[in-house]
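Q: Could you take me on a close look at the place where the two chains meet? I am new to this and would like one connected explanation.

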Amino acid sequence: MVPTLSMSKAMPLGDMVFIIVAFLTLMVILKYVAYGPLTKALDARADKINNDLDSAQKANEDATALVAQREQELAAGKDQASQVISNAKKSAKDQSEALLKTANDQALSLKKVAEADADQLKSEALATAKKDVADLSVTIASKLMQKNLSADDQRSLIDAYLAELDQQ
Amino acid sequence: MDEPTSTFSFLGLTFNWTTIISTLIAMSIVVLIAVLLTRKVAIRPSKGQNAIEYVLDFVRGILGDQLPANLARQFGLYAFTLFLFLIVANEMGLLLQVKMGNGVTYVKSPTADPLFAFTLAIMSLMLAHGTGVKALGFGGYLKNMFFKPYVAMFPLNVVEQFTNFLTLALRLFGNIFAGELMLNLLASLAWGTHLNGFWIILAFPLEIAWQAFSLLIGGIQAYVFVMLTGVFTAQLSGNE
């Protein structure tokens, strides 16, 4: 029994035609059933991945820019805050100085007034005292001496005496 | 094997029932697989879609290794169909062979038929030659095919073109045919004339082992056929 191939018989051309037609039909069917939708889906996926990568990169850049902006704003805010604080300190100092100054001034003027009052009181008291002493001395002297020494003479005499006292 | 065949004539052409039935069954299986796996094609793939996408990627990878991008894209559908069809056709006979009472095997691997393998090889090579003519012009195509790398190589190049065709077809046919032949021999060993039980015990693991081996062979041959189609196309269109 020698194995022979079916090729050695009459060439079945019909089979070849059938095989090629069947294969082409299968190609058309697969194109609509599988290959077309699959390539479309694969392309769509590739596009989507590309877009996602792009947008991710953009989002990343945006976020970085935003971080920088926020940091800048934060620094500006800090500066502003410290400026506000130093301003407040300065104004508080100024105010307290002004208050102190007015208080000092007031105290000084009060002191002056008081001194003036005291001087006045003193001179008034002195004057009253001079008068009282003169009158008293005249009375005493007139009683002691029993002389008719005029009051005016006595007064000038005592004034001269008191002036001498003042000069000492 | 000198097996009886069942043929009929139509429009003066001879048709072989075995080829027609086996081819149609292989086609139906391919279509069924394709339809089932691509019922819901989405950007986020399901399990089935993933599987067939893997096949598509695999085929694209085979072509992409050989051909420039635009040609690989053009050949995508052809190679995808060829690969699916061949792998189903190669494995089909391992599972299912139907032999009728008149001794005719109506269903087996269609690729175990030399005519089938030659037809596919002719189709692939015609595509490759057509691509060559389209890419280089007829003169350029002839020059590229016969006078490369120099004119003196002409006789060898003629032989090479012929052997390309023969090897493409015979490699596929031989592997699958031999695989099925071995399966049949092992099966007839199991049902030997005497000591039935003993032969089955011996033949059963051998059959399993050979089927596993043939599965591998069938896959490899489908891969090789698609790859060689790409290689010849690249050679004939000057893209080596």
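A: Here is a walk through the contact between the chains, followed by a look at one of the partners.

Please keep in mind that this is a predicted model. Let's begin with who takes part: 37 residues of chain A and 47 residues of chain B make up the contact. The size of an interface is often given as the accessible area lost when the parts come together. For chain A and chain B, that buried area is about 3,800 Å². Carbon and sulfur atoms give 79% of this area.

Now for the charged and polar links. One salt bridge is found across the interface of chain A and chain B. Its partners are the side chains of A:Arg45 and B:Glu53, with 2.8 Å from N to O. The side of chain A that touches chain B holds 26 nonpolar residues, along with five polar and six charged ones. As for polar contacts, two residue pairs are found across the interface of chain A and chain B, both at pLDDT 80 or more.

Next, look at the nonpolar residues. The largest nonpolar core has 69 residues. Among those with the most contacts inside this core are A:Phe23 and A:Leu30 from chain A, and B:Phe80, B:Leu82 and B:Phe225 from chain B. Helix 4 of chain B, residues 76-95, gives the core its largest share, 12 residues.

Leaving out residues up to four places away in sequence, A:Leu30 touches A:Tyr35 and A:Gly36 in chain A. In chain B, A:Leu30 touches B:Val30, B:Ala34, B:Phe80, B:Thr81 and B:Leu84.

What does chain B look like as a whole? Chain B has seven helices and four strands. Starting at the N terminus, its elements follow the order β-β-α-α-α-α-β-β-α-α-α. Of the 240 residues in chain B, 45% are buried. Among the contacts in chain B with a separation of 6 or more, 69% join residues 24 or more positions apart.

One more stop in chain B is B:Glu207, which lies in helix 7, residues 196-236. Is B:Glu207 buried or exposed? Its relative accessible area is 18%, and buried means under 20%, so B:Glu207 counts as buried. Apart from neighbours within four places in sequence, B:Glu207 is in contact with B:Leu183, B:Leu186 and B:Ala187.

Methods:
Residues numbered from 1 in each chain as written. Chains lettered and ligands numbered in written order. Predicted model: local features only at pLDDT ≥ 70, side-chain atom pairs only at ≥ 80, totals over all residues. Heavy atoms only, no water. Contact = heavy atoms within 4.5 Å. Buried area = accessible area lost by both parts, 1.4 Å probe. Salt bridge = Lys/Arg side-chain N within 4 Å of Asp/Glu carboxyl O. Polar contact = N/O pair within 3.5 Å; in protein donor to acceptor, adjacent residues only side chain to side chain. Nonpolar A, V, L, I, M, F, W, Y, C, P; charged D, E, K, R; others polar. Core = buried A, V, L, I, M, F, W, Y, C linked by side-chain atoms within 4.5 Å. Buried < 20%, exposed > 50% of the residue type's maximum accessible area, 1.4 Å probe, protein only. Helix = DSSP H or I, 4+ residues; strand = E, 2+ residues; numbered from the N terminus.
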